[in-house]
Amino acid sequence: MKILRNVTAAVLRVCALPVVKYIAIVVTGIVLVVFVGENSLLAHLRYTNHIGELSDEIDEYTARYENDMRQIRELNRNPKAMERIARERYFMKHDDEDIFVLSDDPRDPHSIVNDHETAE
């Protein structure tokens with residue numbers, strides 16, 4: 001019991017010092033700045049990371065836009081380019097033409113032998 005009173009008295013004497021109050025305020029302020037609130041240091045790091053991701057996305061969309069604009073300019077200047085795109089992407093053809101589509105899909109030899117598709 002006497003030890004508990006001595007420890008309590010020592011803690012109260014240390015807490016009564018003005019320096020301890022300042023240290024407690026500084027530590028509380030640091031905790032608030034670093035961890036708490038939407039303006040904290042952790043939130044700032046998250047926002048910076050998100051801004052980096054959005055910048056990468058903007059760069060990607062800008063590159064796509066420039067590529068699409070280049071293709072549109074080519075289509076407006078050259079009517080043969082429109083015909084080439086129609087033939088390559090949409091398999092369009094003239095009335096007197098036949099189209100053969102060659103696939104680059106890998107197939108194992110057993111599926112080719114067992115395949116019942118034939119050109120008759």
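So, Leu32: you'll find this one in helix 2. Buried or exposed, or something in between? Leu32 comes out at 47% relative accessibility, so we call it partly exposed. Keep in mind that we're looking at a predicted model here.

Leu32 belongs to a nonpolar patch on the surface. The other members are Val19, Ile23, Val27, Val31, Phe35, Val36, Leu41, Leu42 and Leu45, and together with Leu32 they have about 910 Å² of accessible area. Which elements give two or more residues to that patch? Helix 2, which spans 18–35, and helix 3. Helix 2 makes the largest contribution, with 6 residues.

Okay, let me zoom out to the whole chain. The protein chain has 5 helices and 0 strands, so if you read along the sequence you get α-α-α-α-α. How much of the chain is buried? Out of 120 residues, 4% are. The chain exposes about 11600 Å², and 62% of that comes from carbon and sulfur atoms.

Now on to the charges, and that takes us into helix 3. The structure holds 2 salt bridges. Let's take Glu60 and Arg64: their closest N and O atoms sit 3.0 Å apart. Why does that pairing make sense along the helix? Well, the two residues are 4 apart in helix 3, residues 41–77, so about one helical turn separates Glu60 from Arg64. On accessibility, Glu60 is partly exposed at 41%, and Arg64 is partly exposed as well, with a relative accessible area of 48%.

Then there's the pair Glu74 and Arg77, whose side chains meet in a salt bridge at 3.7 Å, N to O. These residues are 3 apart in helix 3, so again we have about one helical turn between Glu74 and Arg77. Glu74 is partly exposed, at 30% relative accessibility. Arg77 has 63%, and because the cut-off for exposed is over 50%, Arg77 counts as exposed.

Which residues form the negative patch? Glu53, Asp56, Glu57 and Asp59. Let me pick out Glu57 from that group: it lies in helix 3, and at 38% relative accessibility Glu57 is partly exposed.

Last topic, confidence. The mean pLDDT of the protein chain is 80, with 88% of its residues reaching 70 or more.

Key. Residues are numbered from 1 along each chain as its sequence is written. Side-chain values use heavy atoms; hydrogens and water are left out. Buried means under 20% relative accessible area, exposed over 50%, partly exposed in between (1.4 Å probe, protein chains only). Accessible areas come from the Shrake-Rupley method with a 1.4 Å probe; for residues, only the protein chains shown count as cover. A salt bridge is a side-chain nitrogen of Lys or Arg within 4 Å of a carboxyl oxygen of Asp or Glu. Patches are made of residues with over 30% relative accessible area and no salt bridge: like charges are joined within 9 Å, nonpolar side chains (Val, Leu, Ile, Met, Phe, Trp, Tyr) within 5 Å. Lys and Arg count as positive and Asp and Glu as negative; His and the chain ends are not counted. The place of a charge is taken as NZ of Lys, CZ of Arg, CG of Asp or CD of Glu. pLDDT is the predictor's confidence in each residue, from 0 to 100.
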